[in-house]
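Biologist: Please take me through this model, and for each term that you use, set the value against the definition before you conclude.

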Amino acid sequence: MIMEIISILLGVILVNMAGGGKMSFLIDLPSLIIILVFTVPLLCRGGIWKDFARGWKLLKKSYTCRLSELRRTQDVVEMVQKQVGYAGILSMLLTVIHILRMLSRPSSLGLLCAVAILTMLYAVVIEMLLLPLQLEVKRRIIDYVEMDTEEENAPTADALDKTEDSEIRMEDVHT
């Protein structure tokens, strides 16, 4: 999962460099703050931050937790993905409204358009970074459920004894 995150970040950097741009044009602190202002308070309420942090811990193969914790983590990661997307759309729309108000001053339009686009770009990149996390949580839930199913379907010692007894009786009948 770490490789997916690295490849996403590397992809953004390479696409920007291929376009002849410098990385400094992609850095806009106000745009990032806008996304964080809409997302972080949601995580800070009622223990949700702990569930979100657990999702990142799941990227370590050695980390284990209960099925109920995995399901809560899945719900929180999906909620954060939606929240980041909505924050990007909302901030872009608010910036576009501001742009429309500033049409009389064309010199500021380029900067305002950049803020609107960068905010949406940040939302998309954060969403892409959360996708491997979401997949890992889902994979862990599937593994957990399959492990429980295998344990339920595994024959018990009593069942094995009964099977052996019936096999012995069948041999007696045939002889």
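Biologist: Why does Val 77 count as buried?

Modeller: The relative accessibility of Val 77 is 1%, and buried means under 20% relative accessible area, with over 50% called exposed and the range in between partly exposed (1.4 Å probe, protein chains only), so Val 77 counts as buried. Bear in mind that this is a predicted model, in which local features need a pLDDT of at least 70 and side-chain atom pairs count only at 80 or more, whereas totals for chains, interfaces and linings use all residues. Residues are numbered from 1 along each chain as its sequence is written, and side-chain values use heavy atoms, with hydrogens and water left out.

Biologist: Which residues does Val 77 touch, not counting those up to four places away in sequence?

Modeller: They are Phe 52, Leu 130, Leu 133 and Gln 134, where a contact requires heavy atoms within 4.5 Å. Val 77 itself is found in helix H4 (residues 67–101), and its C-alpha atom is separated by 8.9 Å from that of Leu 131, which is 54 residues away along the chain.

Biologist: How many helices and strands does the protein have?

Modeller: There are six helices and zero strands, and both are DSSP runs numbered from the N terminus, a helix being H or I over at least four residues and a strand being E over at least two.

Biologist: How many aromatic pairs does a search of the whole structure find?

Modeller: The search finds two. In one of them, the ring centres of Trp 49 and Phe 52 lie 6.2 Å apart and the planes stand at 55 degrees; rings of Phe, Tyr and Trp (its six-membered ring) pair if their centres lie within 6.5 Å, and planes under 30 degrees apart count as stacked, over 60 as edge-to-face and the rest as tilted, so this pair is tilted.

Biologist: Why is the pair of Phe 52 and Trp 56 called edge-to-face?

Modeller: Their ring centres are 6.2 Å apart and their planes meet at 85 degrees, so the pair is edge-to-face. Trp 56, at a relative accessible area of 32%, is partly exposed. In general, an α-helix has 3.6 residues a turn, so residues three or four places apart point the same way.
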